[in-house]
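Please look through the sequence and the model shown here before reading on. The briefing that follows takes up a few places in the chain and then the sheets and cores.

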Amino acid sequence: MEQAQGRFVSQIGAPPEGGALFFPTQFPNEAEPHMELNRRTVIAGAAAAGMAATTLGGTAHATGGRKPVKTLFGKLADGTKIYSWSLENGGTRLKVLSYGGIVQSLEIPDRRGRYANVSAGFDNIEDYVAKSPYFGALIGRYGNRIGQGKFTLDGKNYQLSVNDGEQSLHGGAKGFDKRVWDIEPFTKGSDVGLHLYYTSVDGEMGYPGTLKTKVTYTLTKHGDWRVDYEATTDKATVVNLTSHVYFNLAGEGSGTIEDHELQIAASRYTPTDSGLIPTGELAKVAGTPFDFRKAKPIGRDIRVSHPQLVTAKGFDHNWVLDKGITARPEHIATLRDPASGRTMKIATNEPGLQFYSGNFLDGTLTGPSGRTYRQGDALCLETQHFPDSPNKPSFPSTVLRPGQTYRTTTVHTFGC
């Protein structure tokens, strides 16, 4: 069944005319001046002091935007070359792979100006291909889970690739995270960035329609990392794109994120069944471990004996954002590491946020630091439409039709 457009207005806000997915991509600037001053002060102070590099990263210094630099990262088994693109602007450093659109490294300074890579990942292409639990990747065609990999659209049944028990997860066995993207660097005014392109053919992983996808990574002069998603189709389909960076603001490989403080502007979340598929309920967070309306350490309630935490082995749920679907990105979450002082604010126009506390990291993966990743050593904050929306008519629609353009934007603003 195709999802009803515009439902659920009282809980998540009315979608714009023409569907729940199609927004302008402007970013509100109200919060920027304070963050910019803070960041410039730290970076300039560090440069003046000439601090020595640390084991977690080099010293921050004031820089302008630099033209993206392309280097060979490795080769796939069939000989396909995989490239790494390095960007720097406003005190933020970003490395992106053509394989999966992966954020291989994201470096930001702490309160003393010392850089650290705050994104979990690998230092070689072989591990990304063979072992990666979606480290840093672009996710599509459908971020999160679709129950039993099935949905019905316009009276036709579709069977998707099933790769997570009985469910289809993150687009199936070979989703966008495992595709090679075409990348075009750009500089525009004071911004630098990358345009990433991938065309998913009709029937790929079971999805209908040829989906032409463009994702733009931008580093602004303030050091914000902005992600703009666009897609068009020649046949009615469903789409839900997101980014799967695993964050640890203390630095990759530094240990648990349970001391990180998290705030999410959401009064409800979507409980799941044993397969981590939403039941359809919009449960109140009040009085539960899922209440992050006020900032709190992630570890405070993560081991509370709550049925939802037991099932997911921690947090792995979709929060129903109070703002609903909006015409432009609005601030919805803040993550802070008290030890380093690093903060990350997230703004989006999406209606949902998946918070995953790294529950299935098990010590078998080793990052660029040479340290292993154990349970809770990194977390994901994935802006999105809700999981299993194609099978939940009351959820915001993820249907995209010919003649429409899918557009969503997420902005990460870093501070210290």
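Where in the chain is the place of H170? H170 lies in the loop between strand 10 (168-169) and strand 11, where strands (E, at least two residues) are DSSP runs that are numbered from the N terminus. The model is predicted, so local features are reported only at pLDDT of at least 70 and side-chain atom pairs only at pLDDT 80 or more, while totals for chains, interfaces and linings use all residues. Residues are numbered from 1 along each chain as its sequence is written, and side-chain values use heavy atoms, with hydrogens and water left out.

- H170 has a positive phi of about 55°, although H170 is not a glycine.
- H170 counts as buried because its relative accessible area is 5%; buried means under 20% relative accessible area, exposed means over 50%, and partly exposed lies in between (1.4 Å probe, protein chains only).
- F176 is found in the loop between strand 10 and strand 11, and F176 is buried because its relative accessibility is 2%.
- Leaving aside neighbours within four places in sequence, F176 is in contact (heavy atoms within 4.5 Å) with residues that include G100, L138, I139, G140, R141, W181 and Y198.
- One of these contacts, R141, is 35 residues from F176 along the chain, and the two C-alpha atoms are separated by 6.7 Å.

- R141 is found in the loop between strand 6 (137-139) and strand 7, and a cis peptide bond, with omega about 5°, joins G140 to R141.
- Q148 is found in the loop between strand 7 and strand 8 (150-153), and the phi of Q148 is near 55°, a positive value in a residue other than glycine.

**R145 and its surroundings**

- R145 is found in strand 7 (residues 145-146), and R145 counts as buried because its relative accessible area is 7%.
- The side chains of R145 and D164 are joined by a polar contact of 2.9 Å, a term for a pair of N or O atoms within 3.5 Å; within protein, one of the atoms must be able to donate a hydrogen and the other to accept it, and residues adjacent in sequence count only if both atoms are side-chain atoms.
- When neighbours within four places in sequence are left aside, R145 is in contact with D164, S168, L169, G275, L276, I277, D316, P387 and D388.
- G275 is found in the loop between strand 18 (266-270) and strand 19 (283-284), and G275 and R145 are 130 residues apart in sequence and 9.2 Å apart in space, C-alpha to C-alpha.
- With neighbours within four places in sequence left aside, G275 is in contact with R145 and Q167.

- Strand 2 (residues 81-89) and strand 3 (residues 92-97) run antiparallel and are joined by 6 bridges, and W85 stands opposite V96 in strand 3.
- Another open sheet is formed by 9 strands in the order 11-12-13-14-29-23-22-17-20, again with antiparallel pairing, and its edge strands, each pairing on one side only, are strand 11 (182-188) and strand 20 (296-297).
- Strand 13 (residues 211-219) pairs with strand 14 (residues 225-233) in the antiparallel sense over 9 bridges, and the bridge partner of T218 in strand 14 is R226.

**Nonpolar cores and cysteines**

- The largest nonpolar core has 56 residues, of which W225, W319 and F355 touch the most other members; such a core is a set of buried Ala, Val, Leu, Ile, Met, Phe, Trp, Tyr and Cys residues joined through side-chain atoms within 4.5 Å.
- A second, separate core of 22 residues includes I125, L169, Y246 and A378.
- A search of the whole structure finds 0 disulfides, where a disulfide is a pair of cysteine sulfur atoms within 2.5 Å.
- C380 counts as buried because its relative accessibility is 0%, and C416 is also buried, because its relative accessible area is 15%.

Definitions and conventions. Pairing = 2+ DSSP bridges. Helix = DSSP H or I, 4+ residues; strand = E, 2+ residues; numbered from the N terminus.
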